[in-house]
Amino acid sequence: TTPQYKLDVKGTIRATEVLVQDISQFTPDFVFEKEYLLPSLSEVNNFITINKHLANIPSASEVKKNGISLIDMQLKLLQKVEELTLYVIEQQKEIDLLKKNQK
C-alpha cells in the first residue's frame, strides 16, 4: 500500500528469467589471481566454529533482520564455489602425490 521502490510486490513473483545488468559489483574471479590469499581449511573451520556461518556470508539473524540482496548473495556464493574448486584441486594434487609415493 505504500511502495518504497519502483516495483514493490507483496507476495510471490514468478518469472522464467531475470537479467541483471549494469551492476557495480564484479564477479569474484579475483579468487584465481596469484595474489589472492585463500584461507586455509583450518582458518575456515575456526571461523565457522566461532561464528556459525561462512566468512563473508551473512548469518541467518542478519538475513532475518536486514533481508538479502540476491545479486550480492549470488556473487558471494560464486566466490565460495570458486574457493571450493581451488581446495579440491589442491587436495587432488596431494592425493596424486600420495599415490605416486606409494608405488
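## Surface, fold and dimensions

The protein has an accessible surface of about 9,600 Å², and carbon and sulfur atoms account for 57% of it. Accessible areas come from the Shrake-Rupley method with a 1.4 Å probe, and for residues only the protein chains shown count as cover. The model is predicted: local features need pLDDT of at least 70, side-chain atom pairs count only at pLDDT 80 or more, and totals for chains, interfaces and linings use all residues. Residues are numbered from 1 along each chain as its sequence is written, and side-chain values use heavy atoms, with hydrogens and water left out.

There are three helices and zero strands, in the order α-α-α along the sequence. Helices (H or I, at least four residues) and strands (E, at least two) are DSSP runs, numbered from the N terminus.

| Property of the protein | Value |
|---|---|
| Radius of gyration (over C-alpha atoms) | 19 Å |
| Span of the C-alpha trace along its principal axes | about 70 × 30 × 25 Å |

A compact globule of 103 residues would have a radius of gyration near 13 Å; that rule is 2.2 Å times the number of residues to the power 0.38. Of the 103 residues, 12% count as buried, meaning under 20% relative accessible area, with exposed over 50% and partly exposed in between. Among contacts (heavy atoms within 4.5 Å) between residues at least 6 apart in sequence, 67% join residues at least 24 apart.

I13 lies in the segment before α1 (41-51). This residue counts as exposed because its relative accessibility is 61%.

Terms used:
Buried < 20%, exposed > 50% of the residue type's maximum accessible area, 1.4 Å probe, protein only.
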